Amino acid sequence: MRDTSDLANMKDAVMAAILDLADEHEEVVMLEADLMTCLGSTGFMKKYPGRFFNCGIAEANMVGVAAGLSSMGFVPFADSFGVFSSRRDYDQFFLSVNYAKQRVHLIGTDPGVVAQVNGGTHMPFEDIALMRQIPDLIIIDPSDAQSCYELIRQLYESGHSSYIRVGRRGITHRYPVGTRIELGKGIVLSEGSDLAIIAEGETMVNEAVKAVEILRDRGIHATLVDMHTIKPLDTELVEKLARETGRILVCENGRYAGGLGEAVAGHLAKVNPTRMDYVNVGERFGEVGNLAYLLKAYNFTAEDIAAKAQALLK
Amino acid sequence: MLDLQTVEILEKKAREIRISTIHEIAHLGKGHIGGAMSIVEILTYLYYHEMNIDPENPKMEGRDRFVCSKGHAGPSVYATLASRGYFPQEWLLTLNKGGTNLPSHCDMTKTPGIDFTTGSLGQGASAAAGIALGQKLKGEKSFTYLIVGDGESQEGQVWEMAEFASTRKLGNLIAFTDFNRMQLDGYTKDVINMDNIDTRWLGFNWHVQRINGHSFEQIDYAVQQAKAACDRPSMIICDTVKSQGYFPGVGVTANHSMAVSQEDEKAAIAALEGGSL
């Protein structure tokens, strides 16, 4: 098992996982849409030039080519910014890959507001909703380097296609090597009986961890879950949280409609209607700014999460 | 070069495939007959003369592959596959019925012999490029054959594929444009003019030829030329007649998908059997 604690960026964890898989499986190939230097797949190109294809600024064709390669027995990883991987080539990923039962791992970087200075044009808020419509597709949004590495390896083993929602710059080291990380199973980061907070992705889990501290100082004890796999939803854990706390706050770096919050609410509505609230981007489009500004602008800060959690207890 | 006897055999097969296609669609009462009929010679040539395939083993390693990117031409592709023995002829009468293995648009998960799923225009082109790339990666000497429609070529994805395939020098990708000058809403010249199709592909640095898409001699010559041009992908632009061989549809602007009555079926089949083509 690889230790990722020395890595400096989330993109390094993504590429470490893909390169290790490429070392082990010669059918692993990689496709880029002129964003090689952004993800750092340059290393793949240098190591395996015959298995690396920069398709240029043509994401729809890239995904179609990946589908064709899959039908020849290859396992492609294809990369672009999340806005393009979801909105620009959705029909190709839906039909040529998934409807045709091919196997492609599609990376969508810079989830939610983390595109920062690239601004609103580069902020995917709806990618989770779009990808959740695709039968049998697995969606992950890892919150740290080690889980990112482990989950990508497990995606390969799953035999399914996937959408990998992940940041590129900066890094979080949350889980030491050896931590049990399982695709489809949320990780409980803290336990408390007053309410449960379900967070997805690096930005939201980081803020939620701080929010739990703030709440503890106020005498409120929250369970916190890192829901790194958005689809399939860990319904067993969701039901347990509802049963044990009766209050659930879902924090996601994206939009409510079709997102994780709606997925949790939809499941609980069937089996155990539960009081819930949500932290998400609401009805806003993206906008430019640094992360500190954006967290405040979208009410994503630990203080915002703590305030919503407290309100949910009333 | 094809000898006269081979041409006669292929023409006979094409006639049988056309009759099956008309019967298949007439049994349902309606279907995409126009664009299915215009590619019958290309299909017949590929499946009866050119491609390295084994109907007994549809997934044979190292085989040549075929992608019908204009997926709505499924009925004539199915008639060809049935004729070649991939599945029983009786399946043709299940076209588009619930639970069928022969859906309106080509589906690799349902139909033996279909190499890729198509139906959203333009997508089969990129998949074919990926397949051709995969054949090269595996060190195969095989070819990928692709049919795109002239109307379909209004899709931007076709041209994304064009620039990719020429950059990657996919000499094992041999494509045909079914240039029947019509699309769902009428003539291409009235919707989006495709008359400069030759120069478009030339501009993307493809090996380009233009032929009569209903002539086996010309299809054969062009395919052999395309195979020899191994440093770049090939586009063979085929002048065709939409609904060729189903005369009630020829020249009818609504022939993309139209009702096929049993009377018209009988008349069209009688004409074919009488040697109309």
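This is a predicted model: local features need pLDDT of at least 70, side-chain atom pairs count only at pLDDT 80 or more; totals for chains, interfaces and linings use all residues.

Biologist: How many bridges join β11 to β12 in chain A, and do they run parallel or antiparallel?

Modeller: Five bridges join β11(A), residues 247-251, to β12(A), residues 275-279, and the two strands run parallel. As one example of a partner in β12(A), Val279(A) is bridged to Cys251(A).

Biologist: Turning to domains, which ones does chain A have?

Modeller: The domain assignment gives domain 1 as residues 10-166 of chain A and domain 2 as residues 187-313. Their centres, taken over C-alpha atoms, are separated by 26 Å. In the contact between them, domain 1 of chain A contributes 27 residues and domain 2 of chain A contributes 28 residues.

Biologist: Which element gives the most to the domain 1 side of that contact?

Modeller: Helix α7(A) does, with four residues. By class, that side of domain 1 has 15 nonpolar, six polar and six charged residues.

Biologist: And how many residues of chain A are in contact with chain B?

Modeller: There are 22 residues of chain A in contact with 22 residues of chain B. On the chain A side, α4 (59-71) and α6 (90-99) each supply at least two residues, and α4(A) gives the most, with nine residues.

Biologist: What classes do those chain A residues divide into?

Modeller: The side of chain A that touches chain B has 12 nonpolar, eight polar and two charged residues.

Notes: Residues are numbered from 1 along each chain as its sequence is written. Chains are lettered from A and ligands numbered from 1 in the order in which they are written. Two strands pair if DSSP finds at least two bridges between them. Domain bounds come from an automatic or database domain assignment. Two residues are in contact if their C-beta atoms, placed from the backbone, lie within 7 Å. Ala, Val, Leu, Ile, Met, Phe, Trp, Tyr, Cys and Pro count as nonpolar, Asp, Glu, Lys and Arg as charged, and the others, Gly among them, as polar.
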